[in-house]
Amino acid sequence: MTAGQERPRAELGVIGGSGLYALLDEVTEVRVDTPYGPPSDALFLGEVAGRRVAFLPRHGRGHGLPPHRINYRANLWALHSLGVRQVLGPCAVGGLRAEYGPGTLLVPDQFVDRTSGRVQTYYDGQPLPDGSVPGVVHVPMADPYCPAGRQTVLEAARGAAWEPVDGGTLVVIEGPRFSTRAESRWFTANGWSAVGMTGHPEAVLARELGLCYASLALVTDHDAGVGSGDGVTHTEVLEVFAGNVDRLRTVLFKALEALPAVRECPCPHALDGLTTGLPGVPGD
Ligand SMILES: [Zn+2]
């Protein structure tokens, strides 16, 4: 942005692939700097049913960023700095139950973190470039997803005749490799529903900024060890995702249109009574 220009604003955010906003009439590309470095890409601002939405390609244009190299802090910060307060995070996952085959849409209500080495907090005591120092803050995470966002997504899916799986546990692995059979069997034995690589720390960082976050997990494959087959391949994931991107976009747009204009969920209160030390957090 040039100095003096007013930065375009958005109220809703989507972190997902470029196929999701490809059909919008008018999209403005906005580059955002953050105290944590650059986000995965420029943000693409457009309008969906009268709502101002910022789309951020999670893996960058051309899918150049693997899950473990995504700057999750910069991504959420960039959305927040544009005014976004509700975020939807579509992602590809492997099904951990035989009945969750390719094309299943799962709206998780829990996650399990099996990542390693990812920066997963804004509150690490390290001063920011502007000299502000984040406070010691522990946000509640018992229910990691926005209840209003989840309900909105579930209703949008049903409205699009795509019966979703309401709830379930998304186990997030470090990647970029897929699971071994033993890992996959262990996840299943624990009762977990699906496995992905990006759901954490996205949900956590959103909560740390007082944002709403809900996930739309599209099953692209059965994880290794579930049912028969030889486990998942990258080609398989891409093919199934491409085959479902149209209806995923339909559900996403319906959900964006229906997200509550006034937040009455607990998410904005995650930081009540806490001194964040972060510029503009919390803030509306
Ligand atoms: Zn919320």
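Strands 3 and 4 run antiparallel and are joined by 5 bridges, where strands are DSSP runs of E of at least two residues and helices are runs of H or I of at least four residues, both numbered from the N terminus. Two strands are taken as paired if DSSP finds at least two bridges between them. Within this pairing, Val48 stands opposite Arg51 of strand 4. The hairpin of strand 3 and strand 4 has 2 residues between the strands, and Ala49 there takes a positive phi near 50°. Strand 3 (residues 43-48) also pairs with strand 2 (residues 28-30), in the antiparallel sense and over 3 bridges. Thr28 has Leu45 in strand 3 as its bridge partner.

The model is predicted, and local features need pLDDT of at least 70, while side-chain atom pairs count only at pLDDT 80 or more; totals for chains, interfaces and linings use all residues. Residues are numbered from 1 along each chain as its sequence is written.

The protein chain contains 5 helices and 11 strands. Its C-alpha atoms fill a box of roughly 60 × 40 × 35 Å along the principal axes. Of the 284 residues, 44% are buried. A residue is buried if 20 or more other C-beta atoms lie within 10 Å of its own, exposed if 12 or fewer, and partly exposed in between, with C-beta atoms placed from the backbone. Among contacts between residues at least 6 apart in sequence, 80% join residues at least 24 apart; a contact requires C-beta atoms, placed from the backbone, to lie within 7 Å.

The UniProt record, an unreviewed entry, places the feature "binding site" at Ser18, Arg58, His59 and Thr198. UniProt positions are given in the numbering used here, feature names are shortened, and annotations may be inferred rather than shown by experiment. His59 lies in the loop between strand 4 (51-56) and helix 1 (72-81). This residue counts as partly exposed because it has 19 C-beta neighbours inside 10 Å. Beyond four places in sequence, His59 touches Ser40, Gly64, Leu65 and Ile70. Thr198 is found in the loop between strand 10 (194-196) and helix 4 (199-208), and counts as buried with 25 C-beta neighbours inside 10 Å. Its contacts, leaving aside neighbours within four places in sequence, are with Arg58, Pro67, Ile70 and Cys91.

His222 belongs to strand 11 (residues 212-222) and counts as buried, with 22 C-beta neighbours inside 10 Å. Asp223 is placed in the loop between strand 11 and helix 5 (234-258). Asp223 is buried, with 30 other C-beta atoms within 10 Å. Not counting residues up to four places away in sequence, Asp223 touches Gly94, Gly95, Leu96, Ser179, Ser184, Val195 and Val232.

Gly117 occupies the loop between strand 7 (110-114) and helix 2 (147-159). With 7 C-beta neighbours inside 10 Å, Gly117 counts as exposed. The C-alpha atoms of Gly117 and Glu174 are separated by 8.4 Å, the two residues being 57 residues apart along the chain.

Conventions: Contact = placed C-beta atoms within 7 Å.
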